[in-house]
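Please read the following briefing alongside the sequence and the 3D structure.

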Amino acid sequence: MQVVVLKSPKCLRGLLRRLFGIKKEREEMIRHIVMWKFREGTEEKADEFLTKLAALDGVIPQLKKCEVARNIGEGNYDAVLVSEFESMDDLNAYKVDPRHVAVSDICKSIRADRVAVDYEM
C-alpha cells in the first residue's frame with residue numbers, strides 16, 4: 001500500500017485527473033500582483049503612470065485582465081495592479097512588450113518601493 005500526502009485541494013484535483021484520465025478544462029491562469037509606494041512629491045507622475053498602466057488593458061494581447069487601483073487607506077502601499085495571464089510565457093512576453101516597458105519606466109522614476117507576487121489560479 002502506498003500512502004500519498006496531499007498538501008492542497010489543487011494536489012488532489014491533479015491526482016484525480018491522473019488516476020481517472022480526466023483532462024483539464026483549461027490551463028491554470030497566472031495572477032500577477034504588484035504594489036508600489038511612490039516617493040513624496042510625485043503625485044502627478046503617479047497619476048500619469050497609473051492611467052497609462054490601466055490603458056494597457058485590451059492593448060497588449062497577453063494581458064487577459066487588468067485592474068489598477070489606488071489605496072484608500074493610510075500607511076500601506078500607494079497603488080496596486082492585479083492582472084491575469086494564460087501562462088508564465090505570456091506574463092514574460094508582457095514584461096518585455098515595449099508598451100509595458102515605457103509605462104514601467106515612468107514607475108521606476110517615481111517609486112520608493114515595489115513588491116510583486118505571481119501565482120497559479
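In what order do the four strands form the open sheet? The order is β2-β3-β1-β4, and the pairing is antiparallel, where two strands count as paired if DSSP finds at least two bridges between them. This is a predicted model, in which local features need pLDDT of at least 70 and side-chain atom pairs count only at pLDDT 80 or more, whereas totals for chains, interfaces and linings use all residues. Residues are numbered from 1 along each chain as its sequence is written, and side-chain values use heavy atoms, with hydrogens and water left out.

**Overall fold**
- The protein chain holds four helices and four strands, which follow one another from the N terminus as α-β-α-β-β-α-α-β; helices (H or I, at least four residues) and strands (E, at least two) are DSSP runs, numbered from the N terminus.
- Of the 121 residues in the protein chain, 27% are buried, that is, under 20% relative accessible area with a 1.4 Å probe, counting protein chains only.
- Among contacts (heavy atoms within 4.5 Å) between residues at least 6 apart in sequence, 68% join residues at least 24 apart.

**The sheet and its helix**
- The edge strands of the sheet are β2 (65-70) and β4 (111-120), each of which pairs on one side only, and the twist averages 10° from one strand to the next.
- Strands β2 and β3 (residues 79-85) run antiparallel and are joined by six bridges; Val68 has Leu81 in β3 as its bridge partner.
- Helix α4 (residues 98-110) packs on the sheet, where it touches β1 (30-38) and β4, and its direction makes about 130° with that of β4; such angles run from 0 to 180 degrees between N-to-C directions, with axes fitted to C-alpha atoms, for helices over the stretch in contact.

**The largest pocket**
- The largest pocket has a volume of about 220 Å³, a pocket being an open set of points on a 1 Å grid where a 1.4 Å probe fits, with protein on both sides within 12 Å along at least five of seven lines; the volume is the space filled by probe spheres set on the points.
- Its lining (residues with an atom within 4 Å of a point) has 16 residues, of which Trp36, His100, Ser104, Arg111 and Arg114 are the closest to the centre.
- Helix α4 gives the largest share of this lining, six residues.

**Glu84**
- Glu84 lies in strand β3 and is buried, with a relative accessible area of 10%.
- Leaving aside neighbours within four places in sequence, Glu84 is in contact with residues including Met29, Arg31, Lys64 and Met121.

Technical notes. Buried < 20%, exposed > 50% of the residue type's maximum accessible area, 1.4 Å probe, protein only.
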